[in-house]
Amino acid sequence: MNISSALHKSYDILINKSKTYKLDSEILLANVLKKNRIELLINKNKVLSNEEIYLFFKKIRQREKLKPISKIINKQSFWNFDIDVSKKTLIPRPETEILVDMVCNKFKNKKKFKFFDIGCGTGCISVSLLDIFKGTNCVSLDISKEAIINTKINLKKYNFINRAKIIQKNIFKYKNKEKFDLIISNPPYLRLSEYTNIDRSIKIYEPKTALIADNKDGTIFFENIILKLKVNLKLNGYVAFEIGDNQFNKLSKILTLNGFKIEAKYELINRQIRCLLAKKIQNYTLQ
């Protein structure tokens, strides 16, 4: 069996399971052969070994069961990196890249600053900002042991481990006098009702605790960060959040009452605000 025939057989298996079945197949075969997709497509007549065929179709059967590609190959492209993804961490998504981009635009003239990555997961945000801003240091925090391990793997992989302090802790119990120029977070923000209707593959293969916030409107983590950790943010520092549907208005009010001014936001095609950036302009809470 050559590359062309293996791909066509895999297309037949996945065609009713994935809208991107051709791309999925090509990524998985490229992963098995340790080549990029272009090399794959210009060498379609290359004969595969029995081991390569076995490994490829083993991955195809996993994809047939709706397992995400990044969970099969244990990595996800994010910013300029291949981020290692463990079984128990959330897959980095494009919306989070937009959050990083918003920070880049706001901090483009800063050569040195410190940021706090809350709910670091795979460490994708920490890795990206440490790479973009060479004079930067960070604290990366998550409650999950698996997430902390995953973050360490990625920080070591790209040689940023010496610029990061990694903490496994519940953010609700975090107490420290350390000051930051930026607090950035993509915490759990789904309501239970939203999680109930979410894609089945996410329910099966991604950690529930990284998705669901345990209050009715999904804003509990944002509220905790704004109310309790604003003392850790320097005056004129920023908070950057990836948020859920119908949460912007409430968070905008909370931020305003706590001395923040929203300076940037990202709106989806359905007019929902998915990311926001707010500046701390006062050291006191408005009444």
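The axes of helix α2 (residues 21-33) and helix α4 come within 9 Å and cross at roughly 140 degrees, where axes are lines fitted to C-alpha atoms, for helices over the stretch in contact, and angles run from 0 to 180 degrees between N-to-C directions. That angle makes α2 oblique to α4, because angles under 35 degrees count as roughly parallel, over 145 as roughly antiparallel, 65 to 115 as roughly perpendicular and the rest as oblique. This is a predicted model, in which local features need pLDDT of at least 70 and side-chain atom pairs count only at pLDDT 80 or more, while totals for chains, interfaces and linings use all residues. Residues are numbered from 1 along each chain as its sequence is written, and side-chain values use heavy atoms, with hydrogens and water left out.

**Helix α2 against helix α4**

- The crossing of α2 and α4 is right-handed; a crossing is called left-handed if the near helix is turned anticlockwise from the far one by less than a right angle, and right-handed if clockwise.
- On the α2 side, Asp24, Ser25, Leu28, Leu29, Asn31, Val32 and Leu33 meet Glu52, Leu55, Phe56, Lys59, Ile60 and Arg63 in α4, contact meaning heavy atoms within 4.5 Å.
- Sorted by class, this contact of α2 with α4 has seven nonpolar, two polar and four charged residues, where Ala, Val, Leu, Ile, Met, Phe, Trp, Tyr, Cys and Pro count as nonpolar, Asp, Glu, Lys and Arg as charged, and the others, Gly among them, as polar.

**Helix α6 against helix α7**

- Helix α6 (residues 94-107) and helix α7 (residues 124-132) pack at an angle of about 30 degrees, with their axes 11 Å apart, and they are therefore roughly parallel to each other.
- Thr96, Leu99, Val100, Val103 and Cys104 of α6 make the contact with Ile125, Ser128, Leu129 and Ile132 of α7, and these residues divide into seven nonpolar, two polar and no charged.
- The crossing of α6 and α7 is right-handed.

- Strand β7 (residues 233-242) is mostly covered, since seven of its 10 residues are buried, where buried means under 20% relative accessible area, exposed over 50% and partly exposed in between (1.4 Å probe, protein chains only).
- Helices (H or I, at least four residues) and strands (E, at least two) are DSSP runs, numbered from the N terminus, and two strands pair if DSSP finds at least two bridges between them.
- Strand β6 (residues 180-185) pairs with β7 in the parallel sense over five bridges, and Ser185 stands opposite Phe241 in β7.
- Strand β9 (residues 273-280) runs antiparallel to β7 and is joined to it by five bridges, with Phe241 standing opposite Leu276 in β9.

**Leu255, a buried residue**

- Leu255 has its place in helix α12 (residues 248-257) and is buried, with a relative accessible area of 0%.
- Not counting residues up to four places away in sequence, Leu255 touches Ile226, Val239, Phe260, Ile262, Leu276 and Ala278.
- Leu255 and Arg63 are 192 residues apart along the chain, and their C-alpha atoms are separated by 42 Å.

**Two residues with positive phi**

- Most residues other than glycine have a negative phi, and most peptide bonds are trans.
- Leu66, although not a glycine, has a positive phi of about 75 degrees, and it is found in the loop between α4 (50-64) and α5 (69-73).
- Asn159, also not a glycine, has a positive phi of about 65 degrees; Asn159 lies in the loop between α8 (145-157) and β5 (164-168) and counts as exposed at 67% relative accessibility.
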